[in-house]
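Here are my notes on the model you asked me to look over. Have it open beside you as you read.

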Amino acid sequence: MKQTLVFFLLFIVQVSLAQTGLIKGTVLDKQSEGPLEGATVALLNGHIVTGVVTDIQGRFTLTDVPIGRQMVRISHIGYETLVLPNIEVTTGKDVFLNVALIEAYDQLDEVVLSVETNKDRAINKLATVSARQFGLEEVTRFSGGRSDVGRLAANFAGVSAPDDSRNDIVVRGNSPTGLLWRLEGVPIPSPNHFSTQGTTGGPVSALNPNLLKNSDFITSAFPAEYGNALGGVFDLGFREGNTDRYEYTLQTGIFTGVEAVAEGPLGKNNGSFLVAGRYSLVGLLGVGAGGTSATPDYSDVSFNINFGRGTLGNFSLFGILGTSDIEFLGDDIDETDLFAAEDENTFVESRFGVVGLKHRLPIGKNSFLRSIVSGSYSGNDFTVDRFIEKDTPQERIIRYTQVDDSETRFTFSTLFNSKLSNKSTLRTGILIENFGIKSVLRDREEQADLDGDGDPDLFSFRNIDESLSLFQPYVQGQFRLSGKLTLNTGLHAQYSTLNEQFVWEPRAAIAYVIAPRHRLNFGYGLHHQPISLPLLFLNEQVNGALVQTNRGLDFVRSDHYVLGYDVKLAESWRGKVEIYYQDIDKAGVEAFSSSYSTLTEGADFGFDNDRVSLVNEGTGFNQGIELTLEKFFNKGFYGLLTASFFESKYTGSDGVERNSPFNNGYVVNLLAGREYKVGKARKNVLFFDTRLTTSGGRYYTPVDLEASQQAGFEVLQEDLAFSEQYDAYFRWDFKFGIKINSSGKKRSHQFYLDLQNLTANENVFVRRYNRLTDRVDQVDQIGFFPDFGYRFQF
């Protein structure tokens with residue numbers, strides 16, 4: 001231990017020489033997404049230190065950049081000036097910036113001096129309301145985040161994720177099934193290890209943040225190019241590798257695992273490659289993590305290969321491949337385990353993959369065509385073997401549950417974008433998805449013993465091999481009606497071959513600049529989404545035959561209304577208020593009087609398997625107000641305070657309005673960080689980061705203990721559905737570490753320790769009937785958990 005402390009102290013007090021870094025990138029026109037030649041890129045430090053001009057491809061390189069956080073100003077005649085603060089420059093890796101400038105409304109012959117940082121604006125120029133961008137630095141900076149983009153989003157206003165065991169994202173009271181994941185412009189299955197069919201979250205993310213470029217997270221009234229979602233959109237992109245030299249990253253962490261990243265130039269057309277591989281550290285160490293004593297194994301490989309610009313346009317190949325498995329053996333399990341039982345052996349295996357080929361073809365100076373062909377796969381096997389009369393001479397074991405699900409998806413997307421003038425932009429395209437679905441679900445839970453063998457029968461709830469296609473054409477435009485008023489509007493359509501349903505979805509958003517620091521937004525959108533596939537293909541026994549009585553259900557429909565106000569309080573301070581209302585109908589409910597609705601599904605690993613003959617007569621609504629106060633990183637400090645106060649209700653076929661399980665009522669997040677420069681040359685950094693999160697507890701359905709004891713399995717009081725609420729959730733995380741820049745070589749180190757749930761608060765995970773204790777037991781979420789990490793870049 002003493003040797004370790006001495007090692008850290010030596011790093012902290014080392015003397016650094018005149019080592020510098022490099023900033024490079026491209027400057028684009030935001031409307032046409034074409035390169036801007038002649039833009040001036042200046043490095044600022046109270047005054048202009050150095051500057052360069054972009055070439056014909058919009059590229060620039062700033063050399064001899066001092067180590068630490070820097071500020072860059074980008075300007076061009078006839079365009080609004082953009083300032084990017086707090087760009088972190090290290091000795092271990094070049095910094096790449098992809099910058100988009102907006103052409104001025106009516107000043108085409110001079111540099112427009114309206115300076116914006118635009119960190120709070122979405123990358124997608126047509127996303128006006130309920131949208132913000134995030135990047136690698138944020139994903140890895142926040143304490144308790146586990147380098148997971150899903151957990152990062154939980155810090156934003158309108159998002160709730162009070163579950164330490166999974167990264168499901170509840171957006172404004174919607175089920176996590178309403179979330180759309182997109183990568184490089186195409187929808188993808190849940191990018192998480194140990195995910196299951198129909199869900200959008202999981203215990204461990206398979207998205208490697210080291211490959212992510214700045215991306216968008218949208219929570220309401222999405223632009224017309226997004227469809228098949230009710231709750232939110234993660235629109236992610238992979239950055240390109242270094243086009244000039246080879247760079248490498250090695251790192252390790254308890255949740256992220258052991259990782260290696262390599263990137264560098266490829267070919268003669270300014271191409272590049274970027275590839276990363278990870279393997280679970282807990283799997284290597286053979287220890288449990290995340291609320292279980294079982295050892296999870298997971299690994300993934302991600303890549304982005306850019307073949308450079310040729311006569312036929314630009315081609316790139318991207319993808320993610322991941323596998324995960326875990327075994328819960330009853331002899332190693334206790335009653336506090338979040339996922340297993342003492343009298344069962346459970347085996348879980350999941351697979352995830354997406355590979356896509358993207359082509360971008362410039363058409364003239366102001367237009368381009370972007371097309372993507374991709375294939376994806378997700379699958380999971382889940383088997384449960386239960387011991388009967390365990391630890392007796394009569395002990396035997398039976399297969400109790402068997403799940404074998406897979407989804408193969410082929411996607412084609414094409415998009416045409418044209419800048420008609422500095423005041424208008426047109427974008428149109430179509431997305432076609434073909435799903436191949438195989439699903440087997442056999443279970444003995446709650447089944448009778450009709451064959452007389454002494455055990456509940458193994459009933460086939462699903463046994464399908466189906467295919468369906470989804471077509472989504474759209475058209476949208478941005479119209480700058482004046483220097484202060486901008487209209488984004490469009491039309492999205494959706495058609496499913498499963499039930500031959502076709503719907504139109506109008507979208508519109510207005511942004512009005514009241515004053516230089518004040519902006520008002522309003523958005524509306526109509527959105528549809530099919531009911532989750534595990535429910536659509538459930539079997540029901542009708543006249544002795546198994547029939548899929550849910551497959552003809554229509555899309556669930558939702559109207560989004562959003563009113564927002566943004567204010568720039570100071571140079572690095574921003575405030576935001578949004579009020580929203582979401583009206584939902586055509587949810588699936590039972591044909592007889594019941595409290596059930598499909599709006600309550602999606603916050604767990606599975607779905608109800610006995611909800612058949614559903615009808616589209618369920619309704620619901622979400623409404624609330626969100627507050628954001630944000631201090632962007634400036635002078636060594638940053639801070640973020642978000643508060644969401646909301647209501648989420650649904651109505652089943654019994655006509656009773658109830659709380660949804662996602663109706664926490666409120667969520668408050670407070671994040672803050674501080675950096676200190678250390679060392680004689682002040683090129684190394686000590687950093688501290690903390691996060692406080694509290695929210696109302698989730699509503700749940702109480703257990704009917706007497707009925708459960710008689711039945712031998714959990715029976716809920718469904719007439720009291722979601723009538724009781726868990727205690728409020730509270731968690732405090734604290735992270736600290738050091739960033740060390742080499743004194744004479746191109747390399748850097750980073751060490752951190754992340755103390756999660758520092759107060760060991762006993763947040764409730766679930767109250768459930770325990771067959772073994774014959775009572776209702778409370779299981780708490782993960783207690784105090786220390787995470788650590790190390791990164792070496794060279």
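1. First, the ground rules. This is a predicted model, with local features needing pLDDT of at least 70, side-chain atom pairs counting only at pLDDT 80 or more, and totals for chains, interfaces and linings using all residues. Numbering runs from 1 along each chain as its sequence is written, and side-chain values use heavy atoms, with hydrogens and water left out.

2. On overall build, I count 46 strands and six helices in the protein (DSSP runs, E of at least two residues for strands and H or I of at least four for helices, numbered from the N terminus). The radius of gyration is 27 Å, close to the 28 Å from the globule rule for 794 residues, so the protein is as compact as a globular protein of that length. That radius is taken over C-alpha atoms, and the rule is 2.2 Å times the number of residues to the power 0.38. The C-alpha trace spans about 85 × 65 × 45 Å along its principal axes.

3. Of the 794 residues, 58% are buried (under 20% relative accessible area; exposed is over 50%, partly exposed in between, with a 1.4 Å probe and protein chains only).

4. The largest nonpolar core holds 36 residues, and Phe134, Ile169, Trp181, Leu183, Phe217, Phe234 and Leu236 have the most contacts inside it. Such a core is a set of buried Ala, Val, Leu, Ile, Met, Phe, Trp, Tyr and Cys residues joined through side-chain atoms within 4.5 Å. Elements giving two or more residues to this core include helix H3 (149-153), strand E12 (179-183) and strand E17 (232-236). Apart from it lies another core, of 32 residues, with Phe435, Leu468, Leu553 and Ile584 among them.

5. Do look at Trp181. Leaving out residues up to four places away in sequence, its contacts include Val149, Pro187, Ile188, Leu207, Phe234 and Leu236 (contact means heavy atoms within 4.5 Å).

6. Thr249 sits in strand E18 (residues 247-253) and counts as buried at 6% relative accessibility. Among the residues it touches, beyond four places away in sequence, are Glu259, Val261, Arg791 and Phe792.

7. Two backbone angles to check. Glu33, in the loop between strand E1 (20-29) and strand E2 (40-44), has a positive phi near 60° without being a glycine; at 23% relative accessibility, Glu33 is partly exposed. Arg172 is not a glycine either, yet has a positive phi of about 55°. Arg172 lies in the loop between strand E11 (170-171) and E12 and is buried, with a relative accessible area of 2%.
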